[in-house]
Every structure is written in C-alpha cells, then in structure tokens.
Amino acid sequence: PGDIDLFLVGDAHQRIYRHKVVLSRIGINIQGRGRRLRVNYRTTDEIRRWAVAQLANCSIDDLDGQPDTLVGYQSLTHGSAPDVRTSKTTAQERPLIEQAIAQLLADGIPQQGICIASRTNADSERYEQLCRGAGYEVRRLSSDAGDDADKPGIRIATMHRVKGLEFDAMIIAGYKGPEAYTERFAEDEDAGVVVDTLTSERSLLHVAATRAKRYLMVSILAKS
C-alpha cells in the first residue's frame, strides 16, 4: 500500500458508545499526519457553544490515545440561544413542546425540518402520540427506517438515531440529565466504567444538540 491509501475522519467528542479504538494499537500510524477541522458549517455559534459546554471536564482523546480539545472550534453563523426549559411532569412539558412546534411552523420551518429526539424508544413513542394527537403528520426514524427529506412529517427519533443527521430545528424532549442514565452503573461497576459511561452520555447530548442548524430546544424533566 502507498503512503496515502487510507483517509480517516473521526471525532471522539461524538463517541456515544463506550468502546474505544486507539489507532496506533491496530497498526495505523497517524502521529504527525493529522489535521483538526475547526469550522462548523451546520450549527449556529450559540448552539455550538451550548453543545460544547456539555462536555466540560470530560476527558476526550484524539483517537490515538492523546487528549484532544475543542479550543479554536467555531461556527460561521449566528442565531438565537438554545431554549432550555424545565418541567416537573410530562403533562407540564406537553404544552411547551406543542407551542414550540407551532411557532417553528409559523416561522416557515417545514414539518420535515423539525425533529423531536428523546433518550429511549418508549419516550419516542410518547412524543409520536403527542404530535399525532395535535394533528401533525409524523415520520418515525428507527434502525429500520431512514430519513427522506422529500417526505413530510415531524421526525421522531431517539438521540442515538439522529447521529449523522441534521435538521433546521431540534427539540430534545423529556431529557433527565446525563447522570440519570448512568446511576445504575454506580453500584455494580468500577469507577472508571462509570466515568466512561457518563462521558458517553454527555457526548450523546452534544451529538443530539449539534444536529440543529437554526433552533435548539432542550426540554428537561426535573428529577422528582
């Protein structure tokens, strides 16, 4: 093989699973040959800064075992700050979601440009029912169903499923915070695994937030 027969692009800040690969350990030498891509062409700078802040104090590697950083990372566009809301119950959250959708549609964003992402499939089912009950057409994204921008309907998906996609508006709904999804590891696994899992959860939130091009709403369900 030649010297430039393999080209890799990766971002460990978007690693949403705990499995790690160190390239040098599998015979791929990138030392001194890598370049950082520092410009975000999708997300507004306001959304980017919020998403990056979710990774504060997380140890992220450069895919070769060395620490990486987002210093110098920037977006070229600007817009409104993310709309972060907190509700005590799903009943209290419901009108916030409905109002956000109605305003987005009034602002000219088509249904297929709106995605509601939630942490679990059960949550996605609930938001699908919410949208259908409000009279909206829905397109559910799953491992078996991809997206098609030509087909109408508000997109409903899990936070894992939206990786690699982009939408004019993202609503992260029913989110309980990274710690809420890692507590179950605290009693039966070592501290290192707990830290890795928490970092993965924060990366998941970062990934879901950066799917948004123009608008981001994060609807948090307060822990009772």
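F7 sits in the segment before β1 (39–44); strands here are DSSP runs of E with at least two residues, helices are runs of H or I with at least four, and both are numbered from the N terminus. This is a predicted model, where local features need pLDDT of at least 70, side-chain atom pairs count only at pLDDT 80 or more, and totals for chains, interfaces and linings use all residues. Residues are numbered from 1 along each chain as its sequence is written, and side-chain values use heavy atoms, with hydrogens and water left out.

F7 is exposed, at a relative accessible area of 72% (exposed means over 50%, buried under 20%, partly exposed in between, with a 1.4 Å probe and protein chains only). Together with V9 and L37, F7 makes a nonpolar surface patch of about 430 Å². To join such a patch, a residue needs over 30% relative accessible area and no salt bridge, and nonpolar side chains (Val, Leu, Ile, Met, Phe, Trp, Tyr) are linked within 5 Å, like charges within 9 Å. A salt bridge is a side-chain nitrogen of Lys or Arg within 4 Å of a carboxyl oxygen of Asp or Glu.

## Overall layout

The protein has four helices and eight strands. Reading from the N terminus, they go β-α-β-β-α-β-α-β-β-β-α-β.

Of the 224 residues, 41% are buried. The protein exposes about 12,600 Å², with carbon and sulfur atoms supplying 49% of that (Shrake-Rupley areas, 1.4 Å probe; for residues, only the protein chains shown count as cover). Among contacts (heavy atoms within 4.5 Å) with a separation of 6 or more, 76% are between residues 24 or more positions apart.

## Two nonpolar cores

A nonpolar core is a set of buried Ala, Val, Leu, Ile, Met, Phe, Trp, Tyr and Cys residues joined through side-chain atoms within 4.5 Å. The largest has 24 residues, and M159, V162, F167, M170, I172 and L216 touch the most other members. At least two residues each come from α1 (45–53), β4 (114–118), β7 (167–175), α4 (191–209) and β8 (212–221), and α4 gives the most, with five.

What does L216 touch, leaving aside residues up to four places away in sequence? The list is I47, W50, P82, D83, M170, I172 and A209. There's also a second, separate core of 20 residues, which includes L96, I101, I116 and I171.

## Cysteines

C115 is buried, with a relative accessible area of 0%, and C131 is buried with 0% as well. Taking a disulfide as a pair of cysteine sulfur atoms within 2.5 Å, the count is zero.
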